[in-house]
Amino acid sequence: MSKKTREKSGTTCEGIYTYQTRLGKLPEAQITALNDCADLLSQAERKLFAQMQKVDSLSGKVFNQIKSFFLSFFGILARHFNSINFTLKGKVSSYVSNLDRY
């Protein structure tokens, strides 16, 4: 477990905790299911990134259309899509901020 702190302007530090676990010996069926889930969500993330490159901004009506398409096409829940979208925006902003350094 690692502990990180984040300072907010004018407030005290708030602890952020990250938890990690290692899966022991799982039955083959569970391993296959987890791998299939990871493959599906990875494919959805790559497709969403490609869609973000085509569309100037993912907001409003366009975002809702893309979201409903992804939910039906990949068969994922809205919470999965929101997580993928949030993670992808973080990766893109990290890459852009690193470009400024180099």
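At what angle do helix H2 and H3 pack? The model is predicted: local features need pLDDT of at least 70, side-chain atom pairs count only at pLDDT 80 or more, and totals for chains, interfaces and linings use all residues. Residues are numbered from 1 along each chain as its sequence is written, and side-chain values use heavy atoms, without hydrogens or water.

Helix H2 (residues 60-74) packs on H3 at about 120°, with the axes 10 Å apart. That makes H2 oblique to H3 (under 35 degrees is roughly parallel, over 145 roughly antiparallel, 65 to 115 roughly perpendicular, the rest oblique). Axes are lines fitted to C-alpha atoms, over the stretch in contact for helices, and angles run from 0 to 180 degrees between N-to-C directions. Helices themselves are DSSP runs of H or I, at least four residues, numbered from the N terminus.

The structure holds one salt bridge (a side-chain nitrogen of Lys or Arg within 4 Å of a carboxyl oxygen of Asp or Glu). Glu45 and Lys91 form it, 2.9 Å from N to O. Glu45 lies in helix H1 (residues 28-54) and Lys91 in helix H3, so the pair ties together parts 46 residues apart in sequence. Glu45 is buried, at 19% relative accessible area. Lys91 is partly exposed, at 47%. The cut-offs are under 20% for buried, over 50% for exposed and in between for partly exposed, with a 1.4 Å probe and protein chains only.

Stay on H3 (residues 78-101), which also carries Tyr95. Tyr95 counts as exposed because its relative accessibility is 56%.

Conventions:
Helix = DSSP H or I, 4+ residues; strand = E, 2+ residues; numbered from the N terminus.
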